[in-house]
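Here's a quick briefing to read with the model open in your viewer. Have a look first, then we'll go through a few spots.

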Amino acid sequence: MGNKLTGKDLIKLGFPKNNSINIALGQINRYRKREKKESILTEAKDVLLNPEKFEGHGTWGKVAEGLIKPVQVRMHQLKATRAPFTIFGENEIDQQAKFQLYDSLKLPISVAGALMPDAHSGYGLPIGGVLATDNAVIPYGVGVDIGCRMSLSIFDLPASHFKGKEHQLEAILKDNTKFGMNETHASRVDHEVFHKSEFQDIPLLKNLLPKAYKQLGSSGGGNHFVEFGIAKIDNPENEWKLEKGEYFAVLSHSGSRGLGANIAKHYTYLATKQCPLPKNVQHLAWLDLNTHDGQEYWLAMNLAGEYAKACHDDIHRRIAKAIGKRVVVTVENHHNFAWKEMVNGQECIVHRKGATPAGEGQLGIIPGSMTAPGYIVKGKGNAESLNSASHGAGRLFSRAKCKSTFTQSEIKKVLKANDVTLIGGNIDEAPMAYKDITKVMANQIDLVEVLGTFTPKIVRMDR
């Protein structure tokens with residue numbers, strides 16, 4: 001813009017001398033700075049005269065809110081008592097993770113909480129933490145990788161499909177999966193998720209659309225993986241059209257890539273500005289769902305979840321095509337997300353940060369490590385766990401500890417002993433970094449019923 005719009009211009013229009021001016025300038029500088037000053041001033045005048053017309057609008061919604069009912073920014077204190085909670089597998093969980101849950105239970109918005117048996121300390125809510133809140137969403141209660149999830153595809157192929165095809169299958173994984181910050185597929189595909197109105201209506205998302213399109217079908221770094229393995233089905237579901245037995249399968253673990261990370265960063269910043277908290281719990285800052293930012297985050301979070309699913313669908317489509325066979329059963333679930341659910345007769349926002357939804361009859365997959373089985377499960381709908389279960393085995397050693405504790409040769413030995421081929425992978429994802437999944441499962445027999453297992457055989461991770 002040749003001559004830059006200033007607060008004085010807005011005061012001249014008749015804007016009140018309050019925070020609505022700062023909000024307007026912030027939104028304009030962030031999303032509309034290339035437009036002509038005159039056209040923006042014309043729009044701003046309309047917002048001033050008819051703010052209700054602009055409620056929920058991408059650029060002006062926040063300004064309209066500032067004119068109608070400004071968000072009250074005030075310091076919140078923790079309550080003296082905790083909301084009710086249950087811890088599963090208490091003896092296996094580090095103290096810090098418990099203390100993080102206890103802090104979250106003292107938030108004035110907290111209704112109930114639970115800690116899963118794979119829990120360990122995290123940022124804000126602990127990993128494996130479940131928290132129900134009243135009409136408020138905590139961006140760090142969802143996590144940075146929004147919609148991080150599992151997806152298992154079982155083929156109508158016997159486990160013996162591996163015999164003599166190891167090299168061919170390794171090549172399929174190398175050719176059809178992309179990992180880390182920079183790898184993307186050469187052949188791009190469109191997906192219905194890109195045509196959702198949120199990508200046009202929310203300026204932040206509009207800016208992230210090209211990146212999301214480029215990264216579709218890729219996986220992140222860290223503990224994300226795509227692996228071939230053997231699905232052993234002990235209790236098939238009626239609709240599966242599968243007998244008991246051992247089948248060839250593929251399992252993936254990843255989330256919403258750069259899209260989710262940018263959403264998390266943006267709305268966490270807004271939450272900390274709008275919801276000042278004592279320093280030790282500032283990461284638990286929330287957005288009220290009655291506010292513009294709260295509503296916008298909710299839409300953006302759900303979009304990131306759909307995008308994460310789209311990424312998995314694309315990975316599995318590419319692999320099925322390379323194998324030349326049809327997938328007969330898919331089991332999938334998010335484990336970094338927030339849902340509207342009933343808790344003790346009240347509609348709450350249930351945050352699961354590294355926890356699997358386990359409502360009655362709900363299917364899910366809980367992975368072990370690259371040398372330990374994952375479990376195909378059906379939820380029992382246990383109210384004490386807020387209808388949740390663990391999202392994996394959980395870490396025993398932090399990433400930093402792994403680097404000073406294990407060596408590549410030790411990892412190779414463990415992989416060889418378990419007949420697992422690893423492509424990529426770093427020391428911080430060593431199989432020994434994880435808790436014993438059989439113990440974790442024993443601590444949640446009241447939460448899920450086991451339908452079968454998945455044993456990894458060829459694992460691909462970021463380098």
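In S17, which residue is the bridge partner of Lys-378? That's Glu-449. Keep in mind that this is a predicted model.

**Strand S17 and its partners**
- S17 covers residues 448-461 and is mostly covered, with eleven of its 14 residues buried.
- S14 (residues 374-379) runs antiparallel to S17, and six bridges join the two.
- S6 (residues 225-233) is also antiparallel to S17, this time through nine bridges; here Lys-232 sits opposite Thr-453.
- S16 (residues 421-423) pairs with S17 in the parallel sense, over three bridges, and Ile-423 has Arg-460 as its bridge partner in S17.

**Helices H9 and H10**
- H9 (residues 203-215) packs against H10 (residues 257-274) at an angle of about 155°, and their axes are 8 Å apart.
- That angle is why H9 counts as roughly antiparallel to H10, the cut-off being over 145 degrees.
- The residues of this contact split into seven nonpolar, four polar and two charged.
- On the H9 side they include Leu-204, Leu-208 and Lys-211, and on the H10 side they include Leu-259, Ile-263 and Tyr-267.

**Ile-127**
- Ile-127 belongs to strand S3 (residues 127-133).
- With a relative accessible area of 21%, Ile-127 is partly exposed.
- Leaving aside neighbours within four places in sequence, Ile-127 is in contact with several residues, among them His-120, Lys-353 and His-391.
- Leu-101 is 26 residues from Ile-127 in sequence, and their C-alpha atoms are 9.7 Å apart in space.

Technical notes: Residues numbered from 1 in each chain as written. Predicted model: local features only at pLDDT ≥ 70, side-chain atom pairs only at ≥ 80, totals over all residues. Heavy atoms only, no water. Helix = DSSP H or I, 4+ residues; strand = E, 2+ residues; numbered from the N terminus. Buried < 20%, exposed > 50% of the residue type's maximum accessible area, 1.4 Å probe, protein only. Contact = heavy atoms within 4.5 Å. Axes fitted to C-alpha atoms, helices over the stretch in contact; angles between N-to-C directions. Parallel < 35°, antiparallel > 145°, perpendicular 65-115°, else oblique. Nonpolar A, V, L, I, M, F, W, Y, C, P; charged D, E, K, R; others polar. Pairing = 2+ DSSP bridges.
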